[in-house]
Amino acid sequence: MAPRRASAPDSAASAAVFSALGDETRLGLVTRLSHDGPMSITRLSAGLPVTRQAVTKHLRVLERAGVVRSLTEGREIVWHVEQRRLAQAQRDLQAIAQQWDSTLQRLKKFVEG
Amino acid sequence: MTDTRTDRIERSIDVRAPRPRVWRALSDPAEFAEWFGIAVSGPFQPGTRLRGTLIGTSVDEEVARAQRTHAGVSFDLVIERVDPERRLAFRWHPGAVDPGVDYAAEPMTLVEFVLDDTGEGTRVTVVESGFDRIPLARRAKAFAGNDEGWRIMMGVLQKHVTGGS
């Protein structure tokens, strides 16, 4: 069989999501966009202890991971969260958690039996 | 709301058995194979690389059926820590099942089993971490059985996730 890429984009996607979210500022941005809905960088930067440029950089990282997307609304660019991508990553983790629950149940049955 | 603080999973269970008994189930390859359903190629010693092969658990028939759809699939485990009756830690990449792919260079996740005394027995905690560096979807499917079972399970999980936690 010919060598192939180690992973299709889809299966690598969640790894990129967690990597992108492994930063407090980025996690904060995503949380804010999730709760308050789409908004511009100006609004998003307000009240944050980082510069607008830094926020832009973080948004680009999140965009590359597919976590956020920008849309032009009139003369403004607004950013919003891609819930589907986040939900998929969450489902993957839940599936693994479920497997561990099942594994621990078997250990329990085994040592108590 | 979607929980995003998640590149690790922690789960625990209380069992009515003393710590030495639970430790034997974890650290003895024959016992490990029996409940986990994964046969390992040697004893658990720090720094060793073992081969794990899915054989199917003898403890739960339903799980065994799902595991058998992957029977014979194998993957590497690197033993990190063996603290007798306390902690067993290894790295692995389950789900690395495509014979056409070289997984050796891919990062592994870290699995840690920790044992603590409780009043009536032992608390077993398992932590798997490092999901920010691996293709998660593949890891998630590693022990999930056939595709149909997987789809059904995803439906259940979706409800579970939506229900919050």
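In this predicted model, B:Val40 has B:Gly52 of β3(B) as its bridge partner. The two strands involved, β2(B) and β3(B), the latter spanning residues 49–54, are joined by three bridges and run antiparallel. Strands of a sheet pair through backbone hydrogen bonds, in either a parallel or an antiparallel sense.

This pairing belongs to an open sheet of seven strands in chain B, ordered β1-β7-β6-β5-β4-β3-β2 and paired antiparallel. Its edges are formed by β1 (8–15) and β2 (38–40) of chain B, each of which pairs on one side only. From one strand to the next, the twist averages 25 degrees.

Helix α1 of chain B, residues 19–27, packs on the sheet and touches β1, β4, β5, β6 (109–117) and β7 (122–129) of that chain. The direction of α1 makes about 160 degrees with that of β6(B). Helix α2 of chain B, residues 29–36, lies across β2, β5 and β6 of chain B and runs at about 160 degrees to β2(B).

Between β4 (74–83) and β5 (87–92) of chain B is a loop that holds B:Glu85. Although B:Glu85 is not a glycine, its phi is positive, at about 60 degrees. The residue is partly exposed, with a relative accessible area of 32%.

Chain A contains five helices and three strands, arranged from the N terminus as α-α-β-α-α-β-β-α. Of its 113 residues, 46% are buried. Among the contacts in chain A with a separation of 6 or more, 51% are between residues 24 or more positions apart. The accessible surface of chain A is about 6100 Å², and carbon and sulfur atoms account for 51% of it.

Notes:
Residues numbered from 1 in each chain as written. Chains lettered and ligands numbered in written order. Predicted model: local features only at pLDDT ≥ 70, side-chain atom pairs only at ≥ 80, totals over all residues. Heavy atoms only, no water. Helix = DSSP H or I, 4+ residues; strand = E, 2+ residues; numbered from the N terminus. Buried < 20%, exposed > 50% of the residue type's maximum accessible area, 1.4 Å probe, protein only. Contact = heavy atoms within 4.5 Å. Areas by Shrake-Rupley, 256 points an atom, 1.4 Å probe, with all protein chains shown as cover. Pairing = 2+ DSSP bridges. Axes fitted to C-alpha atoms, helices over the stretch in contact; angles between N-to-C directions.
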